[in-house]
Amino acid sequence: MQYLHSKEFYYQERDRVRRKSHTKAAQFLYLNRTCWNGLYRENLSGKFNVPIGTKSQVLLADDDFKGASSLLESAELKVCDFEETLSDARSGDLVFLDPPYTTAHNTNGFIKYNQNIFSWDDQIRLRQCTEAALNRGAKVVLTNANHETIHKLYTDLGTPEVLSRASVISGSARARG
Ligand SMILES: C[S@@+](CC[C@H](N)C(=O)[O-])C[C@H]1O[C@@H](n2cnc3c(N)ncnc32)[C@H](O)[C@@H]1O
């Protein structure tokens, strides 16, 4: 799709309903890489509605679709609550947890959004499930906002590492960068 990429093609493809799994996958990659900042958003009818972005590179030098595909062949992908997947974790497993970050300290539009999809009770429940997985011998890496409530929640449950990162997606332009 690289050579076909243009504004006209992007909007045509965005409207197109692909039915086969491999053409659906290619469509997803194309739209994800050329849309506005890689954002995924749908309208109320479940239709992808992100406008075209500024990046036009569809294929990247370090793409390894075959390698990823062969690794995924033996993987089981589940869409479920973390409690279900974490309850399987035990010695020999490495678990990476990247939950919605607590927004208790933020004053941007993400507060309402994140509090609805992942409440503070969920943060507490995640800590409890993490502790149980650690007690069964699993190793866990977990990310969250660098906020005192999170440090307090995870007291005695590992070693915090503070990192900074750049973000190109944010409700306010000021927070991007
Ligand atoms: C910070 S994002 C993770 C992003 C992901 N690591 C990536 O790189 O694309 C948080 C994810 O947690 C998921 N999530 C929210 N509530 C959940 C729950 N109760 N159980 C499992 N996942 C949940 C959201 O759907 C969202 O995809």
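**Close-up 1. Residue classes around the ligand.** The shell around the ligand in this predicted model holds five nonpolar, three charged and no polar residues. Here Ala, Val, Leu, Ile, Met, Phe, Trp, Tyr, Cys and Pro count as nonpolar, Asp, Glu, Lys and Arg as charged, and the others, Gly among them, as polar. The surrounding residues are Asp81, Phe82, Asp98, Pro99, Pro100, Ile117, Phe118 and Asp122, each with its C-beta atom, placed from the backbone, within 6 Å of the ligand. Residues are numbered from 1 along each chain as its sequence is written. Local features need pLDDT of at least 70, side-chain atom pairs count only at pLDDT 80 or more, and totals for chains, interfaces and linings use all residues.

**Close-up 2. Helix 1 and helix 2.** The axes of helix 1 (residues 7-15) and helix 2 (residues 21-34) come within 11 Å and cross at roughly 135°. Helices are DSSP runs (H or I, at least four residues), numbered from the N terminus; axes are lines fitted to C-alpha atoms over the stretch in contact, with angles from 0 to 180 degrees between N-to-C directions. From helix 1, Tyr10, Glu13 and Arg14 meet Gln27, Tyr30, Leu31 and Thr34 of helix 2, where contact requires C-beta atoms, placed from the backbone, within 7 Å. By class, this contact of helix 1 with helix 2 has three nonpolar, two polar and two charged residues.

**Close-up 3. Surroundings of Val50.** Val50 is in the loop between helix 2 and helix 3 (65-73). Leaving aside neighbours within four places in sequence, Val50 is in contact with Cys35, Trp36, Leu39 and Arg41. The C-alpha atoms of Val50 and Tyr11 are separated by 9.7 Å, at 39 residues apart along the chain.

Terms used. Helices (H or I, at least four residues) and strands (E, at least two) are DSSP runs, numbered from the N terminus. Two residues are in contact if their C-beta atoms, placed from the backbone, lie within 7 Å.
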